[in-house]
Amino acid sequence: MNAMRSLPRLGLAALLVFATLLPLAFLVALSVSSDWFYPNLAPRRWTGANWDLLRRSGAVIFSSLRVSAALALATGAVSSISGLFAGRKIARLDGWRGRVAVACAFLPVAVPPLALSIGLQYSLLKMGLGGRFSGVLFAHVVPALGYTTLFFVGIFAVFDWLVEDEARSLGASPRDVIMRVTLPLLRRPLVEAFALGFLVSWAQVPLTLLIGQGLVRTLPLELMSYVSAGQDHLAATAGLVLTIPPLALLVVTALAVRRLGAVIA
Amino acid sequence: MTSPALEMDSVSVRFGAETILQNMTLQVGRGERFVIVGPSGSGKTTLLRVIAGFVTPEGGEIMIAGLSATAVPPEKRDAVYMHQTPILFPHLTVLENVAFPLRVRRLSGGETRERVGAALDAMQMGRFENRMPRTLSGGQKHRVALARAIVARPSLLLLDEPFSALDPALRRDVRLALLAAHSQYEPGVVLVTHDFGDAAGIADRIGVLIEGELTQVASPAELFMRPASLAIARFLNIANEVHGHSDGGGTFCSTLGNFRTRDTIAAGPAIAVFSPAAVTIGLKGRTAARVIEVRTYPEHTTLMLGITGGRLEAACPAGSSFAAGDETTVDLDVDRLAVFPLPAGQRVE
């Protein structure tokens, strides 16, 4: 009976291992090996050459890492703040207006990234933003904003609006209400939305490729070039570098969220 | 001459096709405690929210402290609205919560500190100033909310059922805190409650709101002794109703005897309404009665009495020696008797 009960738990654990830990283990193994062909279960040779090679192309990697970080940080900041205000506005709409607004927020999330890229490429190129950091940032913010807006619609669905009324009745202007009450109360979801926006941008390839026109080089693009050149071991090594910032961000977010506690009204 | 804390002139509120408040005209003086009672859904909370500026009236004029407030946003009205359950800002300490209204008014640090200290001391919350709201009890939260409401000294305090969620001991505690807050600088108070005891204990005047209309405004004594209509008397839960006839000349005739009434109503079937306190027992009364049931409360005793053709509820001091089955006589204090024509369709019992 106990064995039957623990089956789903075991299944979930296996899924977790296969979906996340195993690919990561492969990445690590690929990054420190050179000959690993089918049907060998393990690499034939262990080496630090891939890391050496990556270090030697340090300027390119560092530059792309810097661009990726700048894009992701800016996307996180812009999309979390804008998402908060958009979500707040949408949550206060009644009836069909609210439903239409939620559907609009869903659009950039629901449309496949490639289709979205093509649509955005046309408009951003017309605006002269093709191949520019600002253009790529704008493109990254579009899907990120969709996610953060929907996230905040959910947050504001359980938000006690009376707390804002109370502040206004005590003499707070609408700006004071936002700055002194709403934003401080929503510190935790803001941190989470920032992380969400960061992650959406960090892993973005099609939008960066089409809007950046190869002139804005991010780490995922470098990684893609290694993959397309068949340099699997180097790609795995760069992939590990790509993995570190979001993991670090998740740790920082988890710590921040724990420290901030749950102070939603 | 000082203008009243609140003046409402023909204020109406509609939600869709439904009329919530109809031609509300009301004046509350500075320092006056005005209590509104009314059944659920009668528009009490809407009335407070329209005064506070959270609901836009369809018509009419609202003046707060002599200034037109009809089109003024809530933060610019000289009034503070306190919700039924105290809403303290959970991310601020007690001190920061109470300082909030002064900080948004950009008062200097010294003055803020001084006024916050005084308000907290008045509410006996000074030693809790560094605590977070989540660590306070329900009564302490109410006290902090009251301190925060009065610290900016608004001309008008709007209190929505401030005692409804409290147990009896806490209710008394918060009621005293409210009176202490009021005595700080005597703002006009409009308080909504379901509880007639709270209303009588706080109010200078009570307004009865039924279906969006103020049907009677009177002092507590006058309201409970002389309700303006049978509907109000029934809403006020005045325990005794005796059917009889009016002779059209100011006399009410019933099984309890004939009584001269203060108001003259047309001849015909009538109902006399009176509270248990209007019934005098055992003083050579006109009507024989038998004690059916004795209910003992901390501050008084209630007797359920059987009389010819009906029952009466009478109040006597705590520790009364009456017991079920005792024979006695009863009479009525005519000053506490309100007589109304029998409503159409109702038969004399």
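Trainee: Where in chain B is Arg153(B) found?

Mentor: This is a predicted model. Arg153(B) sits in the loop between helix H4 (138-151) and strand S7 (156-160) of chain B. Its phi is near 50 degrees, a positive value in a residue other than glycine.

Trainee: What makes Arg153(B) count as buried, exposed or partly exposed?

Mentor: Buried needs 20 or more C-beta neighbours within 10 Å, and exposed needs 12 or fewer. Arg153(B) has 15 inside 10 Å, so Arg153(B) counts as partly exposed.

Trainee: And why is Ala65(B) called buried?

Mentor: The cut-off is 20 or more. Ala65(B) has 20 C-beta neighbours inside 10 Å, so Ala65(B) counts as buried. Ala65(B) lies in the loop between strand S4 (59-64) and strand S5 (67-68) of chain B. Phi of Ala65(B) is near 50 degrees, a positive value in a residue other than glycine.

Trainee: What is the background on phi?

Mentor: Most residues other than glycine have a negative phi.

Trainee: Which residues have the most contacts inside the largest nonpolar core?

Mentor: Ile51(B), Val98(B), Ala147(B), Leu158(B) and Val190(B), in a core of 146 residues. Helix H6 (residues 133-157) of chain A gives the largest share, 13 residues.

Trainee: What does Ile51(B) touch?

Mentor: Leu6(B), Ile62(B), Ala79(B), Leu158(B) and Val190(B), leaving aside residues up to four places away in sequence. A contact here means C-beta atoms within 7 Å.

Trainee: How many residues does each chain give to the contact?

Mentor: Chain A gives 16 residues and chain B gives 17 residues. H7(A) gives the most to the chain A side, with 6 residues.

How values were computed
Residues numbered from 1 in each chain as written. Chains lettered and ligands numbered in written order. Predicted model: local features only at pLDDT ≥ 70, side-chain atom pairs only at ≥ 80, totals over all residues. Core = buried A, V, L, I, M, F, W, Y, C linked by C-beta atoms within 7 Å. Helix = DSSP H or I, 4+ residues; strand = E, 2+ residues; numbered from the N terminus. Contact = placed C-beta atoms within 7 Å.
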